[in-house]
Amino acid sequence: MAVAGQEVELQVTAKDEVSNEAPSSTNTNQIPATKHYRWWLRVAVYIIFLLAGQATATLLGGLYYDKGGNSKWMATFVQSAGFPILIPILFFIPPSTKSATSPPPAATIVLVYLFFGLLLTGDNLMYSYGLLYLPVSTYSLLCATQLAFNAFFSFLFNSQKFTALIVNSLILLTVSASLVAVNSDSDNSSNIPKGKYIIGFFCTLGASAGYSLYLSLLQVSFEKVLKSENFRVVLEMQIYPSMVAAAGSVVGLFASGEWDGLKMEMDGYEKGSVSYIMTLLWTAIAWQICSVGILGLIFEVSSLFTNVISTLGLPVVPVLAVIFFGDKMDGVKAIALVVAVWGSVSYVYQHYLDDSKLKAKTGLLVMGNDGCDNA
């Protein structure tokens, strides 16, 4: 499975072996097991954050456009503007003191934040253009390509190893997203000018590649630059780049002239001005919840695993649309959901197999050390 997940477990095992040389073999087995279950619990929480945040933000984003919203820069802004809700959490998480290496220079950290913030701004804007100029079906189909892009970048930057189960998972999740896209009702592009259609096509394709690159480089930054195992680092990597991205979106909002039309847009919103503000507010909050899940999974497992879980959310959205918006659930959507779950289970099972092999090797190592001690 993912290299990052294996590295975390190897580090945990190494720490436990060093700190438990004297205690009995019972304690040696119990402590790694406890840490192991805590790791799985953290991964489960991050998955819930990612899926719930992504689905909620997507539904609210659809509501924004459906009821009269049309600002590209506002749609870009809300994807990163909710970062202040995470700041209070930092006061309850102390900085990490368990690091074998010295922290990177402050200038390096600032450059990392600026780089990811600007990358996030451009990526969010390309997604906004794609959704504006493309039918939903084409847009969703192109978004599904981010999984293939991420597999490439994970292989290039993160030393990702591919097995039959991982390839099976990638294929199934791509098929699932494609089924949802092909089954979309918004498949008529005749009203879209050819020039804008081409812009939307390449912006969405570029955004999918950019997002995949973003995930892979985040994993590299955790492993090679920040070199920390504290959740505080995860939050900081979300807060500060989001601050940069939000500031960049505000600049774009004024520079494009869209700021002058926001008052008219709010007054003309079908659900009223209060609903307009609340839709944007909760969209921003939902994206932050999703982002924490994304960063947490990259930190604990890998960027490719994160993208697999993110792609699982594509067929989840139509199911939620049936519940909240009364959309029709047909056989294609049901099949897409089953295929997506199957693909995700394949990937998780690959991690289970790798984890079992790692535990077996660790057990043999501990037994060998005990034999030497007894001798």
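1. Y46 counts as buried, with a relative accessibility of 7%. Keep in mind that this is a predicted model. The residue belongs to helix α2, which covers residues 25–66.

2. What does Y46 touch, leaving aside residues up to four places away in sequence? The contacts are F231, V292, G293, G296, L297 and E300. Take E300 from that set: 254 residues separate Y46 and E300 along the chain, yet their C-alpha atoms are 9.4 Å apart.

3. On to E258, which sits in the loop between α10 (231–255) and α11 (262–267). Is E258 buried or exposed? Its relative accessible area is 16%, and since the cut-off for buried is under 20%, E258 is classed as buried.

4. Helix α7 takes in residues 146–157, 12 residues in total. From first C-alpha to last it reaches 16 Å, close to the 16 Å expected at 1.5 Å a residue.

5. Which residues of α7 are buried? They are Q146, L147, N150, A151, F153 and S154.

How values were computed
Residues numbered from 1 in each chain as written. Predicted model: local features only at pLDDT ≥ 70, side-chain atom pairs only at ≥ 80, totals over all residues. Heavy atoms only, no water. Helix = DSSP H or I, 4+ residues; strand = E, 2+ residues; numbered from the N terminus. Buried < 20%, exposed > 50% of the residue type's maximum accessible area, 1.4 Å probe, protein only. Expected span 1.5 Å × (residues − 1). Contact = heavy atoms within 4.5 Å.
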